[in-house]
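Please look at the sequence and the structure shown here.

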Amino acid sequence: MRSHEYRARLVWDGNLGDGTASYAAYGRQYRVVIEGKPELSGSANPAFRGERGKHDPEDFFLAAISSCHMLSYLALCARDGIRVVAYEDEASGTLALDGKGGGRFEEVTLRPIVTIAGGDANRAANLHQRAHELCFIASSCSVPIRHEATIRVEERDFAS
């Protein structure tokens with residue numbers, strides 16, 4: 001089995017002078033630094049004293065599931081002769097707090113809207129299950145991930 005190594009450096013930028021002297025005394029902002037790539041700025045969710053204008057870990061989690069599914073799906077379509085010309089996903093997730101300071105995502109739902117250039121819409125729809133099975137991120141999650149895909153067929157003439 002082959003493996004790939006990934007590295008990320010997280011830098012907390014929220015020391016407002018007294019560190020974590022109290023729950024209200026520090027900022028939740030941070031940066032994700034990955035060599036050779038643009039930095040990502042993040043914060044806690046506003047419900048946890050974070051900054052509304054920055055992405056939070058829950059955003060990144062949902063985006064990672066959605067983007068991994070899309071990339072797996074596009075690869076399958078390309079290999080199976082299905083020409084995808086547009087793809088959007090309205091992903092959502094439900095986070096349940098446990099009352100003890102923690103919690104977990106109860107479910108994630110992906111709602112991809114896929115436009116294919118002609119071809120078999122049923123075959124295109126069925127590839128979502130296989131994409132889910134191949135997605136590295138989904139395979140690493142314990143949260144149930146549902147798919148509610150919409151396939152649109154756009155008749156195009158690619159010969160010209």
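## Helix 1

Buried residues in helix 1 are Leu62, Ile65, Ser66, Cys68, His69, Ser72, Tyr73, Leu76 and Cys77. Here, buried means under 20% relative accessible area, exposed means over 50%, and partly exposed lies in between (1.4 Å probe, protein chains only). Helices (H or I, at least four residues) and strands (E, at least two) are DSSP runs, numbered from the N terminus.

This is a predicted model, in which local features need pLDDT of at least 70 and side-chain atom pairs count only at pLDDT 80 or more, while totals for chains, interfaces and linings use all residues. Residues are numbered from 1 along each chain as its sequence is written, and side-chain values use heavy atoms, with hydrogens and water left out.

The 24 residues of helix 1 should span 34 Å at 1.5 Å a residue, and this agrees with its end C-alpha atoms, which are 34 Å apart. The expected span is 1.5 Å times one less than the number of residues in the helix. At the start of helix 1, a side-chain oxygen of Asp56 comes to within 3.0 Å of the backbone nitrogen of Glu58. Gly81 follows helix 1 and has a positive phi, near 80 degrees.

## The sheet and a loop residue

Strands of a sheet pair through backbone hydrogen bonds, either parallel or antiparallel. In this model, an open sheet of 3 strands has the order 1-2-3 with antiparallel pairing. Strand 1 (9–12) and strand 3 (40–42) stand at the edges with a single partner strand each, so one side of each has no neighbour in the sheet. From one strand to the next the twist averages 25 degrees; axes are lines fitted to C-alpha atoms, for helices over the stretch in contact, and angles run from 0 to 180 degrees between N-to-C directions.

Two strands pair if DSSP finds at least two bridges between them. Strand 2 (residues 30–33) and strand 3 have 3 bridges, in the antiparallel sense. Tyr30 stands opposite Gly42 in strand 3.

The loop between strand 1 and strand 2 holds Thr20. Is Thr20 buried or exposed? Thr20 counts as exposed, because its relative accessibility is 57%. Leaving aside neighbours within four places in sequence, Thr20 is in contact (heavy atoms within 4.5 Å) with Trp12 and Tyr26. The C-alpha atoms of Thr20 and Arg123 are 54 Å apart, and the two residues are separated by 103 residues along the chain.

## Salt bridges

Side chains of opposite charge can pair when their charged atoms come close. A salt bridge is a side-chain nitrogen of Lys or Arg within 4 Å of a carboxyl oxygen of Asp or Glu. By this rule the model has 8 salt bridges, including those in the table.

| Glu39 | Arg31 | 3.4 Å |

Asp80 in helix 1 (residues 57–80) and Arg123 in helix 2 (residues 121–134) form a pair that links distant parts of the chain, 43 residues apart. Asp80 is partly exposed at 34%, and Arg123 is partly exposed at 35%.

Glu107 in strand 6 (residues 103–110) and Arg146 in strand 8 (residues 145–147) also link distant parts of the chain, 39 residues apart. Salt bridges that share partners join Glu107, Arg111, Arg146 and Glu148 into one network.

Key:
A polar contact is a pair of N or O atoms within 3.5 Å; within protein, one must be able to donate a hydrogen and the other to accept it, and residues adjacent in sequence count only if both atoms are side-chain atoms.
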